[in-house]
Every structure is written in C-alpha cells, then in structure tokens.
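Here's a quick tour for anyone opening this one up for the first time. Have a look around, then read on.

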Amino acid sequence: MKEPARILVVGGGYVGMYTALRLQRKLRRGEAQVIVVDPEPYMTYQPFLPEAAAGSISPRHVVVPLRRVLPDCQVVIGEARSIDHAKRTATVTTLATEEEGAGAIELHYDELVLAPGSVSRTLPVPGLAEYGIGFKTVEEAIGLRNHVLEQLDIASSTRDPGIRDAALTFVFVGGGYAGVEALAELEDMARYASRYYHNVSDEDMKWILVEATGRILPEVGEDMGKYAVSELRRRGIDVRLETRLDSCEDRVAVLNDGSRFPTRTLVWTAGVKPHPILAASDLPLNERGRLKCTAALRIDGVEHAWAAGDAAAVPDITADTPGKECAPNAQHAVRQSKVLAENILASLRGEPVKDYEHSYVGSVASLGLHKGVAHVYGRKLKGYPAWLMHRAYHLSRVPTFNRKARVLAEWTLSGLFKREIVSLGSLENPRAEFELAAGTGRHNETT
C-alpha cells in the first residue's frame, strides 16, 4: 500500500489553522497525515485583541485551541528554525527538546505549507527595546490592559507630579488598525475607570497617536481616515501625522517635531515584517522578504511547497494594476486558506489546481465603544452603524460556533452591566507572592 503523504503546515494562524481544518475534513482515509507546527497551542483572532485589552471580551475567547478544532491532525507545539526543502525537512525545537537538551528535531514532509505569519517590525529607536510594548499577541493585549490600569493606581497614590504626569501619558506609535483600535478602546476604558478614582479625571490623561505618514487607517479610504482623525481629536486625543518617534530613552518619548513626553506607556504598532523562518529556508523570496508565490498559491518555481497570508507575495489577479499583490490581511488569508487546501488535495490526486481570485470588499475599524468607520463595497459608514458592522463582520469570521456564542454572550452582558476595571497584573508573575513568603521580602519569617 502507498504510504500516506505527510503535509507539514508551519504556522497555526489564519492560514495554517483554516488550511489544516479543511484538509482534515476533505482528506480520504489514509490519504495523508497533516502535521501543524506552531509555538502556541492556539490560534489568535487578532481583530479582537483591542476589545480583549479593553475588557469587552475575555482573553480566552480571543483564542481557538488548535488541538480541539484539529483532532485528526498532529499538532506540534514548537518553533520551526529552518527549512531545507531540497531534502524535505524542517528543523523544529519544542519544549521537550529544550528540557532534554538534545537539540532540535527534524520533521520530514512531502508537501509543505508555509504560513508563519509576521512579527512586529521595530526600528533602531533608542530606548524602544527597553520600554516599548507590542500589541500582536493576547498576552501583550492583557499585559497592556493591566499596565494602563496600574498607571491610574500610580497616579492616584503618588505625591510626585512628575511621576503622576508620566503615568497618565500614553503614547501609541503607528496609525494602522492595531494602533488606532488599541488606543481608542483603551482610552474608552481608562476614561470610564477614572470615575472610580477620587483624584484622577479623564482630563488629567494625555493620549498621543504618532503616525509617520499623512493619514491613519489607509484601508478605509481617505475620507473615512480623515473622519477617524477628527473623531479622535474631538475626544481629546493628540493625533500627530507626519511625525516620527526619535527616542524613548529614560521613559521620555521624543518626537521629530521637538515634542517631549515623559511617559511610562509607549505602545509600538508601527508595522510588521516577514517571519524569520522565511530567511532560514531555501525558498525564493522577493525584495521585501516575502515568499514569491503564483496565483495558485504555490511557491514560485518550487514543487510541493505552498504559502499564503502575511508570509506570501500572492499576485492579485483581480487588480487593475499589473503586478499588484494581495494585501496581507485576514480577509485574504481566510479565503486563501480555502483555495490552498483545495489545491493541495488536487495536487495529491493529480487534478488541476485553480488560482486564488478575490476582489477586496473593503474594511471596517472600531474607534471605541459605539464608534467606528467602514468602507465596504464602495459605501462609507461612520459612528454607530460602522461600529455595529465591525462587530457583526468579526463575529461572523471568528472561528467555531463555540467562540461565536461566547463572544456574543459577553457583548450582551457588557451592554447590561458595568465595565470590569480590575487589573490582574500579578498574572504576569504568579510566583511573586510565594517568593516573598519563601524568604525574600516582607513575609520573610526566617530572619
């Protein structure tokens, strides 16, 4: 009997999870084995990170457990370090390999799906590595929520006006989806939380958005981008266009227009870059470090290798401009995964593959509770209708009925009851209290 083909899926995000899910459903018995490799045991639905940070959604409902939705796949929690496609092998490190000290393991495959996504793109800004906060994972989102609430506690209890001012100054760098939605949701949350502090008001807080270009949210169009700027400024948020962060050393954000802001909160969302695994492979990359792909989602000029999502430069055959590529966003990634899975099945069965073809329908963005902008199918919406469309669209796209029901229930309850404003900062260091009790702090009873 013919051995089942081994399909290795590197990445458990939109493309990786949805591709494996479709293969799991469509593969015949004994036709192939699907192996999914990802550093985390879950897929993160990133559009919900701002709402998770603001407390509108529980963090556990923003993630989808891979093992639960992929019971017929082999899920390996590990990091792909390099790929030698000529030998059909991927070098992977796992928690077990680190514990054993035996080095990385090699996974052999017949078909490769490379969909590791992207990582935050940082610049050599002095102080950024020491004080910057990212916003790409659920851990970062919840950590930022705890941090913002902690700053209100610091401002409420300090007698030093300098510390108070720095604690109540929040700087966000990057005017894309992540930066704008995170700032808008957290500003909403902090303004609500301030009513429970006897000596902190929403007027005491300074929220600053720094964007190097002349517009924010370019995906929703120029008019809606201008509306978003005016809406944020109406709320007292300082939006600085065509401005860059020069330094954030010693907890002071220095902008290229000469402004200086002492701050304890600097959130960096200024773009992403291809995952490092792409450079550690023998596969062809374009000038921006993304995988060169055909419209059928094959890696260009390479047999038995496929890619989609943020890591792939896929030609947009619906575009009017020749040479244009599909935008690296969730809208394309989810649809590409369907075509990708079908093409892998067709390739295994000796059938013709088809090209990925999808016209971009538009974008929606939240600007906080009951506020948003949208540009969908040529129609422009703002305010409450856009916010409602934003929620409806993402509720329809979050994977599994289980997550849909839980998110909808939480939204319903949050509309009936008050916001939760508790900070659980101790989650980030759960052993701290025990370490104190064990002899290194105020509970030291051995001295």
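How do the axes of helix H6 and helix H8 come together, and at what angle do they cross? They come within 11 Å and cross at roughly 35 degrees. Before going further: this is a predicted model, where local features need pLDDT of at least 70, side-chain atom pairs count only at pLDDT 80 or more, and totals for chains, interfaces and linings use all residues. Residues are numbered from 1 along each chain as its sequence is written, and side-chain values use heavy atoms, with hydrogens and water left out.

**Helices side by side**

- H6 covers residues 138-157 and H8 covers residues 177-193; helices (H or I, at least four residues) and strands (E, at least two) are DSSP runs, numbered from the N terminus.
- Axes are lines fitted to C-alpha atoms, for helices over the stretch in contact, and angles run from 0 to 180 degrees between N-to-C directions.
- H6 passes H8 in a right-handed crossing (the near helix is turned clockwise from the far one by less than a right angle).
- On the H6 side, Leu144, Arg145, Val148, Leu149 and Leu152 make the contact, and H8 answers with Leu186, Met189, Ala190 and Ala193 (contact means heavy atoms within 4.5 Å).
- Sorted by class, that contact has eight nonpolar, no polar and one charged residues; Ala, Val, Leu, Ile, Met, Phe, Trp, Tyr, Cys and Pro count as nonpolar, Asp, Glu, Lys and Arg as charged, and the others, Gly among them, as polar.
- Helix H1 (residues 14-26) and helix H10 (residues 330-348) pack at about 35 degrees with their axes 8 Å apart, and their crossing is right-handed.
- Among the residues in the H1-H10 contact are Tyr14 and Tyr18 of H1 and Ala333 and Leu345 of H10; by class, the contact divides into 11 nonpolar, two polar and four charged.

**Sheets and strands**

- Five strands line up as S10-S17-S11-S12-S13 in an open sheet with parallel pairing (two strands pair if DSSP finds at least two bridges between them).
- Strands S10 (132-133) and S13 (238-240) sit at the edges with a single partner strand each, so one side of each has no neighbour in the sheet.
- Inside that sheet, S11 (residues 169-173) and S12 (residues 206-210) run parallel and are joined by five bridges, with Phe170 partnered by Trp207.
- H8 turns up again here: it packs on the sheet, touches S11 and S12, and makes about 175 degrees with the direction of S12.
- Elsewhere, S2 (residues 32-38) and S5 (residues 74-84) pair in the parallel sense over four bridges, and Val37 has Val76 as its bridge partner.
- S5 also runs antiparallel to S6 (residues 89-94), with six bridges, and Gly78 stands opposite Thr94.
- S5 and S6 make a hairpin with four residues between them, where Arg88 in the turn has a positive phi of about 55 degrees.
- S14-S15-S16 is the order of an open, antiparallel sheet of three strands.

**A pocket**

- The second largest pocket is lined by 26 residues, with Gly55, Ser56, Ile57, Arg419 and Glu420 nearest its centre.
- On a 1 Å grid over the protein atoms alone, a pocket is an open set of points where a 1.4 Å probe fits, with protein on both sides within 12 Å along at least five of seven lines; lining residues have an atom within 4 Å of a point.
- Helix H12 (401-416) is among the helices that each supply at least two lining residues, and H12 gives the most, with five.
- The lining has 13 nonpolar, seven polar and six charged residues.
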